[in-house]
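Take a look at the structure below.

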Amino acid sequence: MFADCLTAAHEQLGEAALAAYIDTARLLCKLGRGAEPVLAFLEGWPAVCQRLGQGSLDIVLSWVRNIQRTPNGDVLGAFFQALPATAASLGSHELLAAYLDLLMEVAQQSSTSIHRRHAILPSRALPELIRIAPQLLKQVNLQGLREWAWQGLRQHAKNPERQADYFAMQSADSRALFQGQRQGTLLRAHERQLDFYLRALWDDPVALISYSEAFDALRRPQPYADANGLHLPDLRVDRDGVSGLDQYRLTLAHLAAHRRFTQSLAADNVSPFQRVSIECLEDARIDTLVLRRFPGLRKPLLALHPRPEEEACNPARESCIRHRMTMLSRAILDPDHGYRDPVTRKFADLFHECLARDLSDTASMAELAKEYLVASRRPSDAFAHVYFIDTEVPYRDDNRHLWHFNDLDDESEQDMAAAPPASAPVSLVHHYPEWDYVTQSYLTDWVSLYEHLHPRGRAEDIEQLLHKHAGLVKRLEHILAQLTPQDRERLRRQEDGSELDLDWAVRSWLDQRCRRDPDTRINQSFRQVRRDLAVSLLLDLSASLGDPVQGSRSPQSVLSLAQEAVALLAWAIDRLGDPFAIAGFHSNTRHEARYWHIKGFSEAWREEPRARLAALEAAYSTRMGVALRHAGHYLSGQKKDKRLLLILTDGQPADIDVSDPDFLIADARQAVLELERDGILCHCISLDPHADDYVQKIFGKRFSIIDRVERLPERLPEIFLTLTA
């Protein structure tokens with residue numbers, strides 16, 4: 001699989017990242033944990049790197065080295081398998097580092113040890129947490145997941161079996177405690193809605209990136225903009241009557257207005273006091289421009305903006321500079337501020353006079369801020385103890401984009417912040433989930449499907465097959481003549497129509513002459529008639545198709561009969577004019593499912609697809625669910641009234657890495673249900689005479705069994721014509 005993985009990674013990673021990708025895979029090979037961690041890393045890491053950046057690799061490698069020193073090294077395969085989905089839920093490498101710390105803590109607390117010093121048995125909880133974390137992180141933030149995990153560790157500290165049930169969400173107390181963590185509004189639950197909000201109201205398509213406020217005890221981070229996008233907290237709790245979603249909207253409006261109206265200033269030779277005052281007045285200017293454009297935001301903005309008490313800060317004991325700046329910001333935005341301080345009132349009026357002349361700019365706010373700082377400066381401003389109560393405005397950002405430094409390169413971070421991120425290249429590898437019927441849940445990104453255009457053979461071989469079945473072709477031509485739609489269908493006995501229907505007109509005239517009430521439906525009209533159908537034929541190319549036909553005197557294989565049948569069916573569908581596609585599939589464990597394109601919907605049934613059909617080969621196993629999902633993906637793009645997916649197989653779903661025979665049957669059944677919800681009809685044609693039991697479990701009543709395989713070329717077109725007549 002290395003060549004395919006490397007091809008896919010080369011399209012998504014740069015040269016340095018690609019070299020690190022190969023070195024890391026080599027390192028994983030040396031750990032002695034088998035092929036599973038290596039394969040999962042090779043398949044999933046490019047997506048993780050694109051989502052979180054190359055810097056996340058060092059964080060992951062550090063965690064791998066640490067977990068390798070413990071009895072829990074066997075979880076590396078499951079860890080790398082779940083990592084792409086986990087990274088998508090986390091959204092940043094900072095959150096990934098905190099998540100890995102949580103995993104290490106769970107491993108340490110739940111591994112069986114001697115005298116609480118040396119762990120000798122692996123954790124039963126850690127594998128379950130790694131497996132289920134992607135689903136849980138879609139519902140709670142990382143802080144909620146941490147709290148839930150610690151509650152489980154405390155409650156079942158001496159019972160590994162109950163710990164495993166808890167972290168697998170199999171116990172009632174686990175589900176109840178998890179529901180208790182779902183408080184507030186999650187960014188990822190409304191990310192698409194907020195993205196539309198930015199595009200529609202600000203014409204600013206920029207990526208939204210989450211961060212957590214749970215792991216910064218000294219200083220809570222603020223929203224900010226950089227070259228990667230807009231960084232927002234992953235959870236907002238309702239406060240002051242403003243919902244979490246409205247808080248996100250207000251923060252995005254503030255950041256978007258900054259990106260449109262703010263000009264960067266040189267930070268050299270600007271004192272910390274000047275920076276605080278300039279940032280405050282620039283934020284007030286941005287808020288004012290936002291309220292001019294969207295007055296409906298005034299109520300939530302004033303509800304979230306603090307309103308400090310005028311005498312709350314004592315300048316004799318502490319620095320009041322933040323307190324004064326917050327008062328000035330409130331006085332600018334709220335006409336009913338009620339402050340009596342003459343300096344605050346004066347500069348609030350000067351601010352509005354400045355904006356009344358024009359929209360002003362960042363430089364004029366800087367000059368006004370410096371004047372205010374001179375007019376209001378007090379000796380206590382330099383005190384180490386700063387008054388912070390009611391001075392933090394939760395919807396504002398940290399203003400890092402406002403400043404630039406002259407010693408930086410021309411391609412500075414604040415210039416890059418305005419550029420939208422580059423679109424990601426399309427990978428050759430597709431990752432699909434599989435249905436676990438035991439836990440009644442999906443295994444996220446469990447199967448790796450590699451998509452190929454099938455190699456070519458000799459198109460003349462397919463032509464010879466049609467000559468071989470000349471008698472059958474003539475019989476099919478007679479059936480097709482009856483099914484082929486005419487361009488127009490006559491509708492008789494119409495009140496209104498385009499032409500007179502002579503037969504009924506004469507009959508109506510006779511009724512009138514015989515003094516009977518005549519029938520007024522004496523017209524006829526015409527309507528266009530066409531088949532509105534798209535067909536996808538999916539061939540099982542597992543190794544068993546290479547076996548000779550049992551009970552037949554000829555040495556012909558099942559695969560050669562399938563080629564004959566598909567050639568006849570393709571000829572029939574082409575004569576009917578229905579768009580159709582042909583593909584084959586086989587698998588070699590969940591890491592290597594192959595999907596071979598033989599004919600696409602946009603291709604004509606000519607030499608190219610016939611040559612691919614002639615070169616079919618049988619190999620490996622039958623992992624049916626992922627092939628059904630991928631074929632359904634292409635078929636769903638056909639805008640037809642009826643979409644039919646035909647599956648030709650000779651055995652039940654199976655693969656060498658699955659010991660439970662019911663596992664892949666249940667997954668295939670789930671795939672069929674998914675396709676039916678999308679309006680795609682699945683019908684199985686089985687060559688296994690003993691297939692009734694498992695085929696019915698998968699397809700219900702939509703299947704046909706061909707007991708005599710040698711009749712396949714005759715039966716396959718007939719089944720299709722029966723289904724679409």
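In which helix is S174 found? S174 sits in helix α10, which covers residues 172-181. Keep in mind that this model is predicted.

Is S174 buried or exposed? S174 counts as buried, because its relative accessibility is 0% and the cut-off for buried is under 20%. Its side chain reaches the backbone oxygen of Y166 at 2.6 Å. Y166 is also among the contacts of S174 once neighbours within four places in sequence are left aside.

Now turn to the cysteines. A disulfide is a covalent bond between the sulfur atoms of two cysteines. How many disulfides does the count come to? The count is one. That disulfide joins C313 to C320, with an S to S distance of 1.9 Å. The link of C313 and C320 is left-handed, with -85° about the S-S bond. C313 and C320 are both buried.

C29, by contrast, is in no disulfide. The nearest cysteine sulfur belongs to C5 and lies 12 Å away. C29 is exposed, because its relative accessible area is 53% and exposed means over 50%.

What about C682? The closest cysteine sulfur to that of C682 is in C684, at 9.8 Å. C682 has 1% relative accessibility, so C682 counts as buried.

Note on methods. Residues are numbered from 1 along each chain as its sequence is written. This is a predicted model: local features need pLDDT of at least 70, side-chain atom pairs count only at pLDDT 80 or more; totals for chains, interfaces and linings use all residues. Side-chain values use heavy atoms; hydrogens and water are left out. Helices (H or I, at least four residues) and strands (E, at least two) are DSSP runs, numbered from the N terminus. Buried means under 20% relative accessible area, exposed over 50%, partly exposed in between (1.4 Å probe, protein chains only). A polar contact is a pair of N or O atoms within 3.5 Å; within protein, one must be able to donate a hydrogen and the other to accept it, and residues adjacent in sequence count only if both atoms are side-chain atoms. Contact means heavy atoms within 4.5 Å. A disulfide is a pair of cysteine sulfur atoms within 2.5 Å.
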